[in-house]
Amino acid sequence: MPKAALIFLHGSGDTGPGVQAWLNHVSDGAFEAELKRKGIELHFPTAPSVPYSLIGGMPQSVWFDRVAMAYDAPEDVAGLKRTVELVDREIDRLMETGTAVSKIGVAGMSMGGCLALHVGYGMGRHAGKLGMVASLSTFLPKESCLDSSATKGAPLFMAHGREDRMILLPWAQATHKRLL
C-alpha cells in the first residue's frame with residue numbers, strides 16, 4: 001500500500017500519459033522516480049473528449065469548456081462539476097485502498113491546475129481535507145464559482161512562468177491572492 005498519492009491533471013488537448021511523459025522529460029525522470037522512491041503513487045487521468053469552444057466546438061480532451069482565454073470570461077460550471085466528480089471518484093478509489101485523504105494531493109498544469117483548485121478548495125467532496133494542492137501556469141476566472149465556496153485547509157503551491165503567452169501572469173497572481 002502506498003504511503004501517499006498524487007493525482008496530476010493535464011492541460012487542454014493533452015492526456016494523462018502525455019503530461020506524465022512531459023514531466024519525465026523535463027526532469028530527466030527524476031519527478032516520477034523521486035516520488036515513487038518516497039512511496040507516493042502517481043495517477044495521471046485523461047479528460048474526456050468534449051466539444052471545446054476555443055477550437056470551434058471540435059472535440060478535444062479537456063476538463064471543461066472555455067468560451068475565451070480571458071480572465072473575465074465566464075466559467076463552465078456544469079463542466080467543472082462533471083470533472084470535479086471524476087477526480088473525486090479517483091480520490092474515493094485511493095481511499096478505498098487505504099490511502100488517507102490527508103495523504104492525497106491533487107496537482108495540475110494549466111486547465112488541469114484550475115481543476116485541481118476546484119477539487120481542493122471548491123466543490124470537491126474532499127475540499128479542505130487533501131494533503132496538498134498544486135497548480136502550474138493556471139488561473140481562476142474573475143467571477144469563479146470557487147470564490148463563494150472556497151474552503152481552506154490543504155497547503156497550496158502555485159508556480160507560473162514569466163514568459164507564458166497563453167495565461168497571463170497577472171491572472172495567476174490575482175488567483176493566488178484570492179486563495180490566500
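Start with β1. Ala4, Leu6 and Phe8 point one way from this strand, Ala5, Ile7 and Leu9 point the other way, and all are buried. Buried here means under 20% relative accessible area, exposed means over 50%, and partly exposed is in between, with a 1.4 Å probe and protein chains only. Strands are DSSP runs of E with at least two residues, helices are runs of H or I with at least four, and both are numbered from the N terminus.

Some ground rules. This is a predicted model, where local features need pLDDT of at least 70, side-chain atom pairs count only at pLDDT 80 or more, and totals for chains, interfaces and linings use all residues. Residues are numbered from 1 along each chain as its sequence is written, and side-chain values use heavy atoms, with hydrogens and water left out.

Back to β1. Six of its six residues are buried, so β1 is largely enclosed by the rest of the structure. What stands on either side of the strand? β1 joins β2 through four bridges, in parallel, with Leu6 opposite Leu42. β1 also joins β5, through five bridges and again in parallel. There, Phe8 faces Ala107. For pairing, DSSP must find at least two bridges between the strands.

Now the whole sheet. In which order do the five strands come? The order is β2-β1-β5-β6-β7, in an open sheet with parallel pairing. On average, neighbouring strands are turned by 15° against each other, direction ignored. Axes are lines fitted to C-alpha atoms, for helices over the stretch in contact, and angles run from 0 to 180 degrees between N-to-C directions.

Further along, β5 pairs with β6 (residues 132-136) over five bridges, in the parallel sense. Val106 sits opposite Val133 of β6.

Next, the helices on the sheet. α3 packs on the sheet and touches β1, β2 and β5, with its direction at about 160° to that of β1. Contact means heavy atoms within 4.5 Å. α4 lies across β1, β5, β6 and β7, and runs at about 150° to β5.

On to the cores. A nonpolar core is a set of buried Ala, Val, Leu, Ile, Met, Phe, Trp, Tyr and Cys residues joined through side-chain atoms within 4.5 Å. The largest one has 30 residues, and Ile91, Val106 and Leu130 touch the most other members. Two or more residues come from each of β1 (4-9), β3 (49-52), α3 (77-96), β5 (104-109) and α4 (111-121). α4 gives the most, with seven.

Take Leu130. Beyond four places in sequence, Leu130 touches Ile91, Val101, Ser102, Ile104, Val106, Val119, Gly120 and Ala154. There is also a second, separate core of eleven residues, including Leu6, Val19, Ile40 and Ala107.

Val19 takes us to α1. Which residues of α1 are buried? They are Gly16, Val19 and Leu23. Down the helix axis they fall within an arc of 70°, so they line one face of α1. That arc is taken from the directions from the helix axis to the C-beta atoms. The buried residues pack against β1 and α2 (30-37). The face turned away carries the exposed residues Pro17 and His25. At the start of α1, a side-chain oxygen of Thr15 comes to within 2.9 Å of the backbone nitrogen of Gly18.

Last, some loop positions. His126 lies between α4 and β6. Is His126 buried or exposed? His126 is buried, at 8% relative accessible area. Its contacts beyond four places in sequence are Asp88, Ile91, Asp92, Met95, Val101 and Val119.

Gly11 lies in the loop between β1 and α1 (16-26), and is buried too, at 10%. Its C-alpha atom is separated by 8.1 Å from that of Trp63, 52 residues apart along the chain.

Asp28 has a positive phi of about 55° although it is not a glycine, and is exposed at 75% relative accessible area. Ser137 has a positive phi near 50°, but counts as buried at 11%.

Technical notes: Polar contact = N/O pair within 3.5 Å; in protein donor to acceptor, adjacent residues only side chain to side chain.
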